[in-house]
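I opened the model to look up a few local features. The entries below follow the order in which I checked them.

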Amino acid sequence: MAITAQDVNKLRQMTGAGMMDCKKALQEADGDFDKAVDILRKQGQKVAAKRADNAVSEGTVLINISEDGTNGKLVALACETEPVSNVEDFKNLAQSILDKAVADNIADKDALLAATLADGRPVAEHMVELTGKLGEKLEISAYENVSADKVVPYIHSNGKLGVLVAFAGVNGTDVAELGKDVAMQIAAMKPVALDKDGIDAATIEREIEVGKEQARAEGKPEAMLEKIAQGKLQKFYKDSTLLNQEFVKDSSLTIRQLLEKTSKGLTVTSFKRVAIGG
């Protein structure tokens, strides 16, 4: 049957797919719109399968903080290239995913992918469909759901890096400004853990061995290697754990000291740092 421009435009409005893709789908479906929609969805599945191994280094990070400030949710939707990350359909899908996470207080990424959006179809299906339209792999590279006395957010200016900081012992203290400082510290300094006890045994062992090898290469006596390595390990703790890091705005204070100075008993219980593309 003849496919009119009105038919093509109607299918495009229904699916958001390109004009030529809509025309081909309608031709293949003999003008049946339901079949044409299925054809376009299958096309998305084919594109998704073909690009499954592609790297995703662009995208957007979105954060929602509850009205009382006790919960924060972060969604990172990634794609392959910057132009796609700026497409309205991509941005709208990211916002819809975050809105769903907030509405249902979704626990983890697997549950989020399975959650259904307004049309009753799961998030994962929407992502495959948009992959077919945009021609790029899409991926929820991270989803975080954090609760605490207060949760403070930060999103970097590029929109690709986000931080959630969970505070305890707030006791009425306004931690908005302090929280932003701590979140920006996390964004810039990339701590790997909150404190020393958050470092796994394998990492500690590796740091000690690296320290020994460095000392050995510098010609230090074998009897001194363990002591030197332990010293380097302490520096690793100072550089790589949040509470022991020097505050970037005042190097005379560690983050732990900054928190205590602000309000006795105030501390950070956890943090999440999510960066798309590194």
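In which sense do strand 6 and strand 7 pair, and over how many bridges? I found strand 6 (residues 246-247) and strand 7 (residues 250-254) pairing in the antiparallel sense, over two bridges. Strands pair if DSSP finds at least two bridges between them. Helices (H or I, at least four residues) and strands (E, at least two) are DSSP runs, numbered from the N terminus.

**Ground rules.** I noted that this is a predicted model, in which local features need pLDDT of at least 70 and side-chain atom pairs count only at pLDDT 80 or more, while totals for chains, interfaces and linings use all residues. Residues are numbered from 1 along each chain as its sequence is written, and side-chain values use heavy atoms, with hydrogens and water left out.

**Strands 1 and 2.** I then went to the other hairpin on my list. Strand 1 (residues 58-65) and strand 2 (residues 71-79) run antiparallel and are joined by eight bridges. Isoleucine 65 stands opposite glycine 72 of strand 2. Five residues lie between the strands in this hairpin, where glycine 69 has a positive phi near 75°. Six of the eight residues of strand 1 are buried (buried is under 20% relative accessible area, exposed over 50%, partly exposed in between, with a 1.4 Å probe and protein chains only).

**Helix 2.** Which residues of helix 2 are buried? In helix 2 (residues 19-28) I listed Cys22, Ala25 and Leu26 as buried. They line one face of the helix, because the buried residues fall within an arc of 100° seen down its axis; the arc is that of the directions from the helix axis to the C-beta atoms. An α-helix has 3.6 residues a turn, so residues three or four places apart point the same way. The face turned away from the buried side carries exposed Met20, Lys24 and Glu28. Aspartate 30 follows helix 2 and has a positive phi, near 55°.

**Nonpolar core.** I took a nonpolar core as a set of buried Ala, Val, Leu, Ile, Met, Phe, Trp, Tyr and Cys residues joined through side-chain atoms within 4.5 Å. The largest one has 23 residues, of which Val163, Val165, Phe167, Val182 and Leu259 touch the most other members. Two or more residues each come from strand 4 (150-155), strand 5 (161-168), helix 8 (176-189), helix 11 (255-262) and strand 8 (267-275). Helix 8 gives the largest share, five residues.

**Threonine 267.** This residue is in strand 8.

**Aromatic pairs.** How many does a search of the whole structure find? I got one: phenylalanine 236 and tyrosine 237, tilted, with 6.3 Å centre to centre and 50° between the planes. Rings of Phe, Tyr and Trp (its six-membered ring) pair if their centres lie within 6.5 Å; planes under 30 degrees apart count as stacked, over 60 as edge-to-face and the rest as tilted. Phenylalanine 236 counts as buried because its relative accessibility is 14%, and tyrosine 237 is buried at 8%.
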